[in-house]
Amino acid sequence: MLGKTIADLEPGDVFVPLRYELTSFMCAVYAHGVEETAECYYSDANPYGRQLRPPTMVHVDKLRLLEANCDDERRIAGMRAEAARIHYEYAAVHHSPAFVGEEIVVTGRITDKYVKRERRYLAYEIRVETASGRLVTTYEDVTLLDYARVQEVSA
Amino acid sequence: MSGITIPRYAVGEELAGPERTLSLQRLTWYSMGQLGAATGVPHDFQDNIHTNPEYAKEQGLPGVIADGMHSTNWISALLWDLFGIHYLETGTLRTKFIKPVWVPTALTCKAVVTAVEDAGPGRTTYVLDVWNEDPDGTRLTVGDARVTVDEAIDEIVRARGLEG
Amino acid sequence: MLDGYISDLEPGDVLRTIEYELTDLIVSEYAHGVEDATEFFHSDQTALGGQARTPTAAHVDKMRVLEESCTKERRIAGNNAADWRIHYEFEVENLSPAFVGERLRVEGRVLDVYTKRGRRFVHFEFTTSTTDGRPVSILRDRTLLRYEPETEGSDG
Amino acid sequence: MGARFAVGDEISGPRKSATAQRIHWYGSGFMTANAGERREVITNIHTDDAFAQGQGLPAAIADGMMSANWISSMLIARFGADYIGRGRLRTKFIKPIYVDEGITPRGRVVAADAEPGGSVRYVLEVWAEDDDGVKRTVGEFAVTVGG
């Protein structure tokens, strides 16, 4: 169910899509945050002649989708749910780079929600394109909904 | 535009990046980077299980745990070092955070080539197992990657530049 | 003259000695600010046996000494003079690594104040050691007091 | 580390654009190191064109210590612990670096003298140049390796 917390999401939920313009700041600050050394994330001085984002920034698109679709757990705004979410799996396929100045369109849905060894998992599928229709990245993600309960069970 | 490197690797070849310690300081930088990227404006780091030892304990964790995406990003950086622009054009990366990375932990990202596939004229796909490990050799994050190296990369890049 | 602006300093002035503890934040934020990801500067799990500051971070020692010696121009506190200072020359001699957790003592003096092509420069020397006496670095620095020349037509 | 060089050998580091973002990071990292607590850079000749123009500069310029640090990082990659423990670096900021200019650190070995005990004393001419090869920052580096 959209509009509440991440734990309320259910298989079949389709996120309200979002659009934003990719800026030089977004690419550079993310790359700096993980100490990337490739110049292409910081400036247009690369063979493309255009600054681009680190491919892993598809994960930020997931955060943006959750921010727009889970009103009671807007993590970018600093809201916390009762449990911290733990990222379990990242799986990205890159079809083309995303360049600074491009309008990015992000769509996504929940593909599964399941319990495994007493742990609750949520599976996502996310698609990133440019507004002109060029496919950038397709992404699958599995997130553990709460760690604390797990700790007690597995201890 | 010419001269983008065409990397070549053999099955069984093992490749590694530098050892780097995931420190609390680095977790705050990641937090600031992630939030800046998500909002488009400078952001201070957030108080959460990745930056605050007390809050992490409240959540049942023994201490501050690194964000899995930090490991993914360092593995991604290794793929950049190995494949450069080929990775940006065609790469896939899957990572599973099978063991927590407690802060601080020294990590080394590694990859081994498991297959080299013919992907058509002038194209070779490399399949790799990727992981990071602590100083004891225990794997904390595991995954796989595929990158197709295309000998026509110069033309592909030139066309991308012209799109803008 | 101490307790004024940096532009009030005179040759022979002995600056106030300062002490501070080198922290992980100081060392790693400086290195991160210049994108130097060398592991020496980010953790103690290196061949050096400790987390060291970058060899360029002696520049911070200069700022800290000036903060205590030129009290009308405490730039770390955000209190700048009307003329922005321009860094002209940096010269550091490293005598041993400075590690996180060590307490550093910095002594400074003004070697010279002179005018060249209409521009006024200050030449400093800062000597840094650990408080238990191990020499760490010697920094010599030339700073231009004001970008615009004081006389017309002499901006060579 | 443990590098061996001959007179005339040249080294270089990665070319970087002196972006406004990098100028901001340097300024904030520097102020944080000065204060011992997290700080942001303030408006100055490095971050603001109007402020720089008020000081007689044509536009905002990168902090000289940015090119000094890029040269230093190039040297760390070659000389590692020897540089940290006993290296000497001098840099002179002879021409301003404006925002978004591409800068490459470079060095050339001008002396490699064997010393007693098996160590070698290297002296390098170092500089940071723009894309036209014009030197913006020049200097000298000396280090004793091994022994």
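Hi everyone. One definition to start: Ala, Val, Leu, Ile, Met, Phe, Trp, Tyr, Cys and Pro count as nonpolar, Asp, Glu, Lys and Arg as charged, and the others, Gly among them, as polar. Keep that in mind while we look at a pocket. And please remember that this is a predicted model.

So, the second largest pocket. About 950 Å³ of space lies in it. Which residues are closest to its centre? They are Ile86(C), His87(C), Tyr88(C), Leu144(C) and Phe93(D), out of 44 residues that line this pocket. Now use our classes: the lining has 21 nonpolar, 12 polar and 11 charged residues.

Which elements of chain C give two or more residues to that lining? Here you can find helix H2 (58-69) and the strands E2 (86-94), E3 (103-116), E4 (119-130) and E5 (135-144). The largest share, five residues, comes from H1(D).

Let's move on to salt bridges. How many does the structure hold over all chains? The total is 46.

In chain A, look for Arg120(A) and Asp146(A), whose side chains meet in a salt bridge at 3.0 Å, N to O. This pair links distant parts of the chain, 26 residues apart: Arg120(A) sits in strand E4 (residues 119-130), while Asp146(A) is in the loop between strand E5 (135-144) and helix H3 (148-154). Are the two partners buried or partly exposed? Arg120(A) counts as partly exposed because its relative accessibility is 24%, whereas Asp146(A), at 6%, counts as buried.

Next, chain B. Arg146(B) and Glu117(B) form a salt bridge through their side chains, 2.9 Å from N to O. Arg146(B) belongs to strand E5 (residues 139-150) and Glu117(B) to strand E3 (residues 105-118), so the bridge ties together parts that are 29 residues apart in sequence. Arg146(B) is partly exposed at 34% relative accessibility, and Glu117(B) is partly exposed too, with 32%.

Finally, chain D. Arg88(D) forms a salt bridge with Glu140(D), and their closest N and O atoms are 3.3 Å apart. Why does this pair tie together parts 52 residues apart in sequence? Because Arg88(D) lies in strand E3 (residues 87-93) and Glu140(D) in strand E6 (residues 135-145). Glu140(D) counts as partly exposed, at 27% relative accessibility.

Chain D also has a network: salt bridges that share partners join Glu10(D), Arg108(D), Glu125(D) and Lys135(D).

Note on methods: Residues are numbered from 1 along each chain as its sequence is written. Chains are lettered from A and ligands numbered from 1 in the order in which they are written. This is a predicted model: local features need pLDDT of at least 70, side-chain atom pairs count only at pLDDT 80 or more; totals for chains, interfaces and linings use all residues. Side-chain values use heavy atoms; hydrogens and water are left out. A salt bridge is a side-chain nitrogen of Lys or Arg within 4 Å of a carboxyl oxygen of Asp or Glu. Helices (H or I, at least four residues) and strands (E, at least two) are DSSP runs, numbered from the N terminus. Buried means under 20% relative accessible area, exposed over 50%, partly exposed in between (1.4 Å probe, protein chains only). On a 1 Å grid over the protein atoms alone, a cavity is a set of points where a 1.4 Å probe fits but cannot get out, and a pocket is an open set with protein on both sides within 12 Å along at least five of seven lines; lining residues have an atom within 4 Å of a point. Grid points are joined across faces, edges and corners, and a volume is the space filled by probe spheres set on the points.
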